[in-house]
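I opened this model to look up its overall build, its domains and its chain contact. My entries follow in that order.

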Amino acid sequence: MRTFPAWWLPPGVPGRAAPAVAELPPHARGAEHPGTAPTAFSTTSVSDDLRLRFPTPDPAFARRLCDHLVEGGARLHERRTDSLVASLGRAGARFLDPADPIRKEALDLLPAAAGLSTAMAREVLDGMARDWTADRLARLVRAQFPDPAVLDGFRPGPGGSRVRAFGHRLIVQLGAGNVAGVSVGGVVRALLARSPVLLKPGLHDAVLPVLYARALADCDPELAAALAVLYWPGGADTVEAEVLPRAGLVVVYGGTDTVAAVRGRLPAATPLVAYSHRVGVALVGREALAAGQAARTALDAARAVAAFDQRGCVSPHLFWVEEGGALTPAEWAARLAAAMAALEQDLPAGPAAPDIASRVQQLRGTWELKQAAGDGTRVFRPAGAEWTVAYDPDPAFSPSCLGRFAWVKPVPDLERVAGLLAGLRPFLQTAGLCGAGTRAASLAEQLGRAGVTRVATLRRMAWPPAWWHHDGGDPLRALVRWVDWEVEQEPRPTV
Amino acid sequence: MNGTRLRDDLIGVMGAGVGTPLPDADFDALARRVWAHQCERNPAFARFCDARGVQPGSWSSWRDLPPVPARAFRERGLVSPGPAQAVFRTSGTTDAGAARGEHRVPDLSLYHASLLPNFEAHLLPGGARLPMVSLIPSPLEVPDSSLSHMIGVVEAELAAETRYFVGRDGRLDEHALRAALRDAEDAGDPVLVVGTAFAFVHLLDALATGDTRFRLPDGSRVMETGGFKGRSRTVPREELYAAIDSRLGIPPRRIVNEYGMTELLSQFYEPVLAGGARLHRPPPWVRTRVLDPATLEELPPGREGLLCHVDLANLGSVCCVLTEDLGVEPPEAEGHGFRVLGRNPGAEPRGCSLAMDELMTARRGPIR
């Protein structure tokens, strides 16, 4: 059983002496600076062979930590965007460099920490870390700010005014339930927006932010000092009662209950950026069922289901397949099953969490019994397979139980899908779309009206770019605080 | 009719009581007949078994029976086509918005034959015939609740007299209940209090408001059942039992947990009145296994997995039912039985995709 020190604290937080530095592996000692850490620690197993160890914050320590971050974070406003992009990108690029020990450690820990297979962990790290590089971060800044210099100082605005984007005094980022790597993305954006950030990671996404903080400390200690990664059990009231009022902005990733609970505990004036759990769906049009296309479509679809073992809000729960193409929807379901089987060799599923595995068994068994009853249902899943494709002739939306379980349902025309999404509006996110030909624009319009916030090809579905409007909001602009400076206009000399 | 003879044989086994062991070979012979009967009545089930290689000629053991998920009871007529004497429905609290599970029971005599000796052995041993105070609605109020039906049968066959204090809407008649508890205290005769965990919490909250405490007479006992599925307030079991002790005067060693589900016609009790361990004990006509959630292979004692029951009382539907409950069979030294751990104890979500249950619960709000 390995133990990973799953926290990062900036140097110099006033507090009791840390007793634990000596017991850390040498490369991890940077995570803890004398005089900063609280004395109580606890450990939690996240898999059979990995334990996470973290300081148990008491309310007084949490308060000092927030105050310390606010104080140090003020210096972020003296930094220029270019230098932040360079440092954040340099730290991020290390996760893509095969020779870098940070990448090696990430790949070593990620399967156990996030419950992924080794191959999927690599796929996830490659997909996520690509967005942490300087090039992608610079594109994110440009996509969000036509004049990026507003992040560095006042710039001319409309009507002769001047505008400037400031960071918040402190961003508190709570991650209860997200896929590995998501919390690093949030931290990078917060720092880019010049806010110090206190991250409470989800238990299964605690490794990457700590490793990222170490990488950042190596290249830019000042920036790393504006970041803290600290876990406490979700809803620990006494800690959050100190932390939440000190935040200028709170970002929360979590289920409906978590988001509602955080919203209820925030001071009225504190803005909240909430990413609640969502569903993805996919539309497969006739054009994608043609002889030369069907195999490619099925493989792309299989990869979209398999990514993150279907745990992402971008992951498709079901595929609506258009009737009248070269393959029937049921035949395409068989193609998808074949692609899932092939993909299982390259990107095997991670160990199934008992609750997900249980739901898979319930759905599989029930639909196999329905198939035996001859109602047109078909279930594809060879013995021992870690995926399921279920063809259901009823086109009504059905949620997947996850665990690489994909529904395939027929629709006479893709135009019908927007109607089938009624009632799901608050939960919709990505819609994969392929084979729609010239109808794509009108379908995108319909899907957007139905509540979908992203339309993507099946191939790109699981991998939104750094500048995507996650859940319909701005990735970077949502994190800044605008200041308008209305300059008195000099009266124009009369001629 | 073969079905009638089989039913009578099963009733005979149940009539021998929970203290009469049913050797595995005898259980197996009965299970085979039950399975053949079910295949005959339900061709879809026969094809389902066939697809898993379980055919009439290939029977080797009841352990080969393919588990049918409890979820399948939500598909109308799938597990029990044909006429029914009674239709029991699940409470529908776990997945609001989804169809409720439905157990069509063609012949209630097996249900009664199974529930009575088991209830008697664990709650009214030694011929005790106590007045029953029920926090479970009467079967007249909720005819499609298998739990209410069970209490109605106990009322008719085993209890001295029964009074109901919770209506079909779940509302507690607090005034009448206080009076009844006071009377029981005054009369000095022990009573049996039955209710769901949630009803007890409701009652105890009400008693705590005025700091009311009863001391029900010695020999009184409690049957508590059901968890807190879909409820806003949950209370750890130790806390609940301590509160029952302090508010009703019934100590934990006289509080028996019943684990049951609409999909099964037999129940599981903890043998605490007899001084046994807090483990749920299957009656002789039920075999419970703990299965690996991913592979459905049987797990050895000590390993947590999904509870799967083969209940011969389920003659009219399917007898091998895979639950969504995690459980564990403790190593043998601790005694015969299993411990129920619940749906997903203590897990943190691993992703940001909306899970099925969460979607169903969340949709209750915006849609209705």
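I began with the size of chain A. A compact globule of 495 residues would have a radius of gyration near 23 Å, and chain A has 24 Å, which agrees. That radius is taken over C-alpha atoms, and the globule rule is 2.2 Å times the number of residues to the power 0.38.

The model is predicted: local features need pLDDT of at least 70, side-chain atom pairs count only at pLDDT 80 or more, and totals for chains, interfaces and linings use all residues. Residues are numbered from 1 along each chain as its sequence is written, and chains are lettered from A and ligands numbered from 1 in the order written.

I noted principal-axis spans of about 80 × 70 × 45 Å for the C-alpha trace of chain A. Chain A holds 15 helices and 18 strands (DSSP runs: H or I, at least four residues; E, at least two; numbered from the N terminus).

Next, domains. Chain A splits into domain 1 (2-277) and domain 2 (279-464), with bounds from an automatic or database domain assignment. Their centres, over C-alpha atoms, lie 33 Å apart. I found 11 residues of domain 1 of chain A in contact with 13 of domain 2 of chain A (C-beta atoms, placed from the backbone, within 7 Å). Helix H4 (residues 118-129) of chain A gives the most to the domain 1 side, five residues.

Last, the chains. Their contact takes 44 residues from chain A and 37 from chain B. On the chain B side, H9(B) supplies the largest share, seven residues.

How values were computed:
Contact = placed C-beta atoms within 7 Å.
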